[in-house]
Amino acid sequence: MAPFTGQCSEQPLLLKSPSENIVVTVFREKNSFFYKVALNGASALTASPLGLQIDGAALLNSTTAPVLLRKKLLTDTLALLKDHYQGKQMTYFNYQVAIGESVMEFAVFDNGCAFRYRLPENGGHIQSEQTGFTLDPNSRVWFFERTNSWKLKSYAGLWMQTRADSLDKISPEGPVQGKPVIVECKQGGYIFITEAALSGFSGMRLKAAGNRLAVDFTEDAAGFTVQKSTEAYSPWRVIGFAKDLNALVNHFMIAALNPAPDPVYFKNMAYIKPGRAVWSWITKDERYLDPGFEKQLINAAAMLGFEYTLIDDGWEQKWNHKWQVLKELIDLGNIKKVGVWVWKDSKFLRDSVYRNAFLDTLQQLGVAGIKIDFMNSEAKALVDFETGFLKAAAQRKLMVNFHGCQTSTGEYRTFPNELTREGIRGMELNIMNEPIPAWHNAALPFTRLITGPGDYTPGLFSKKGATTNAHQLALLYLMESPFLCIAENPLTLLNDPRFKPVLPLLRKLPATWDERVVLPGSRIGQAAIIAKRNGRDWYVAAVNGQEKAMTLPLDLSFIKDLSGYRATLVNDTGDGFTTTTLWPGQLHKITVTLQPSGGMVLYLEAVPGKETRSRLKKKK
């Protein structure tokens with residue numbers, strides 16, 4: 001591809017957001033195509049290439065300038081069962097652009113833009129993609145790192161930062177990075193780069209060269225084949241903007257770019273129920289998977305008010321009469337109102353005949369959901385496997401948790417039976433001699449978790465590494481997952497007197513949220529301080545990512561009527577917790593101290609009847 005010189009001999013195509021604060025410019029030079037993005041009149045992404053190589057030819061190879069075919073204002077209401085997007089609306093311009101005989105589609109929002117390529121109706125073999133993202137070389141970039149080949153298999157890397165022009169040199173595994181990449185802009189605000197609506201295509205990775213990121217695929221030079229279709233597109237290439245961390249956490253563009261659920265698979269979604277799960281794998285001992293012990297865990301889940309138990313790796317080998325034992329556990333769970341999830345290695349499910357027979361059995365027994373593991377790739381074959389599995393599970397009314405996989409691209413909107421997925425460096429590393437540092441936890445809400453739920457499995461108090469108990473407690477609120485699998489053994493939580501002060505909180509722990517507000521003092525990798533609302537109650541959770549104490553004021557003025565709340569503050573003390581009750585008059589000015597690598601949780605409980613009395617006053 002000819003390098004862009006900065007000169008353009010013909011009129012470029014300008015694509016604007018509804019408020020015109022974002023302008024995407026599409027232009028041609030020497031039969032190669034480029035785009036650039038401006039935000040509020042300032043350059044956000046400089047000239048970056050467009051293009052796709054299919055069947056040995058350039059998809060956009062043309063001697064004609066780009067032409068606007070269609071401009072349409074769209075409003076998408078995000079109404080999902082299991083997450084915080086309920087009632088949110090995203091308004092954007094959808095543009096169809098002709099480039100020779102090819103078509104590109106652009107979506108330009110007031111907080112970002114995205115584009116995708118229309119693929120030939122006869123399909124074809126993708127050799128490479130030329131799409132690039134040219135960043136300010138002096139900006140700071142957050143990316144995840146793991147110094148072995150698992151980095152891009154399971155996306156379980158530590159989140160860290162570097163200069164944009166160092167991304168091609170910093171990683172011992174090479175210049176290819178996973179998604180998303182988060183950019184801290186010199187002038188303030190954030191940019192994130194990722195993809196949305198990944199289906200029928202290989203997952204997008206990002207190969208750094210200087211300050212430019214280029215689309216890269218797992219298949220490399222071998223490429224992959226896309227199927228014949230009259231309406232086939234590549235996934236969306238997404239560039240999101242956020243003026244601050246609050247806007248970053250509350251960014252809904254990825255979800256909006258995914259199709260709504262297909263009523264063929266999701267006419268009845270009553271079976272899709274978010275909830276908390278007990279789990280024995282990460283704290284396993286000689287009792288692990290003993291049927292009697294698993295029954296104790298179900299009883300413990302009921303005592304905690306949790307909705308699920310997860311039976312993990314090894315149950316099929318451990319139990320001689322596996323279906324009989326599983327049925328006994330499900331029957332007990334039905335009595336205790338605790339659903340049962342089971343784990344399965346994905347290699348046994350690649351054959352659709354076996355997959356369907358296995359899922360049929362789970363459905364007949366009454367299993368609630370399945371955790372499948374070890375895809376270990378975002379090559380097209382594995383992406384197709386995930387899509388096929390979600391459809392097969394939906395047909396049998398089974399919920400899904402993907403492990404050993406890439407990050408989310410918003411699949412949870414199209415397939416609401418996908419409650420969560422890994423693609424995150426979570427608490428299981430604490431038992432693998434790679435304990436999670438506090439600064440990684442302080443980065444996750446603003447990096448990996450902006451793409452969708454992450455099965456981090458928080459709350460491993462017994463093996464917490466260099467963090468504190470209150471830090472681990474706060475992670476239960478910060479690490480969002482509608483299937484919220486708690487790492488600590490539930491019998492420990494119920495029987496160890498250290499946890500008595502926080503048991504009331506654990507019994508009320510929400511699995512989904514209605515609203516979230518990032519509070520001042522938050523900074524990626526240093527501190528995450530986020531208030532979240534569930535119903536009328538608010539929870540403020542904070543983790544300190546630094547090895548020194550930090551004192552911070554909590555500004556709760558975003559809550560309209562603080563007189564309607566009483567609060568419980570949970571902080572660190574020794575190897576336990578300290579709890580302090582706060583009444584309405586004390587809530588207007590609160591200062592808390594977080595221990596080094598520590599944390600805290602502030603629970604604001606709506607006073608019963610207060611809302612009713614307020615409404616009566618208004619009526620008078």
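Is threonine 309 buried or exposed? Threonine 309 has 1% relative accessibility and therefore counts as buried, the cut-off being under 20%. The tour of this predicted model returns to that residue after a view of the whole.

**The whole chain**

Display the protein as a cartoon. It comprises 15 helices and 36 strands. Its radius of gyration is 25 Å, close to the 25 Å that the globule rule gives for 620 residues, so the protein is as compact as a globular protein of that length. The C-alpha trace spans about 75 × 60 × 55 Å along the principal axes. Of the contacts with a separation of 6 or more, 71% join residues 24 or more positions apart.

Of the 620 residues, 60% count as buried. Colouring by charge shows 71 positive and 60 negative charges, whose mean positions are 6 Å apart.

**Threonine 309**

Select threonine 309, which belongs to strand S23 (residues 308-311). Beyond its neighbours within four places in sequence, threonine 309 is in contact with Ala277, Val278, Leu297, Ile298, Val338, Gly339, Val340 and Trp341.

In soluble globular proteins, nonpolar side chains tend to be buried together. Here the largest nonpolar core has 131 residues, and Leu326, Phe389, Leu473 and Tyr477 have the most contacts inside it. Helix H9 (residues 380-395) contributes the largest share of this core, with seven residues. Apart from this core lies another, of 52 residues, which includes Met104, Val181, Phe201 and Val226.

Centre the view on leucine 473. Setting aside neighbours within four places in sequence, leucine 473 is in contact with Phe461, Val502, Leu506, Val570, Phe577 and Val601. Now select helix H12 (residues 469-478), in which 10 of the 10 residues are buried. Among the buried residues of H12 are Asn469, His471 and Gln472, as well as Leu473 and Tyr477.

Move to leucine 449, in the loop between helix H11 (438-443) and H12. Leucine 449 is buried, with a relative accessible area of 14%. Not counting residues up to four places away in sequence, leucine 449 touches Ile424, Leu444, Gly454, Leu478, Met479 and Glu480. A distance drawn from leucine 449 to tryptophan 279, C-alpha to C-alpha, gives 22 Å for two residues 170 apart in sequence.

Aspartate 331 is partly exposed, with a relative accessible area of 32%. Its C-alpha atom is separated by 25 Å from that of leucine 506, 175 residues apart along the chain.

**Backbone details**

- Select lysine 179 and proline 180: the peptide bond between them is cis, with omega near -5 degrees. Proline 180 sits in the loop between strand S15 (176-177) and strand S16 (181-184).
- Select tyrosine 155, a residue other than glycine with a positive phi, near 60 degrees. Tyrosine 155 lies in the loop between helix H1 (151-154) and strand S14 (158-163), and is buried at a relative accessible area of 2%.
- Select leucine 289, whose phi is positive at about 65 degrees although the residue is not a glycine. Leucine 289 is in the loop between strand S22 (275-279) and helix H5 (291-304), and is buried with a relative accessible area of 2%.

Conventions:
Residues are numbered from 1 along each chain as its sequence is written. This is a predicted model: local features need pLDDT of at least 70, side-chain atom pairs count only at pLDDT 80 or more; totals for chains, interfaces and linings use all residues. Side-chain values use heavy atoms; hydrogens and water are left out. Helices (H or I, at least four residues) and strands (E, at least two) are DSSP runs, numbered from the N terminus. The radius of gyration is taken over C-alpha atoms; the globule rule is 2.2 Å times the number of residues to the power 0.38. Buried means under 20% relative accessible area, exposed over 50%, partly exposed in between (1.4 Å probe, protein chains only). Contact means heavy atoms within 4.5 Å. Lys and Arg count as positive and Asp and Glu as negative; His and the chain ends are not counted. The place of a charge is taken as NZ of Lys, CZ of Arg, CG of Asp or CD of Glu. A nonpolar core is a set of buried Ala, Val, Leu, Ile, Met, Phe, Trp, Tyr and Cys residues joined through side-chain atoms within 4.5 Å.
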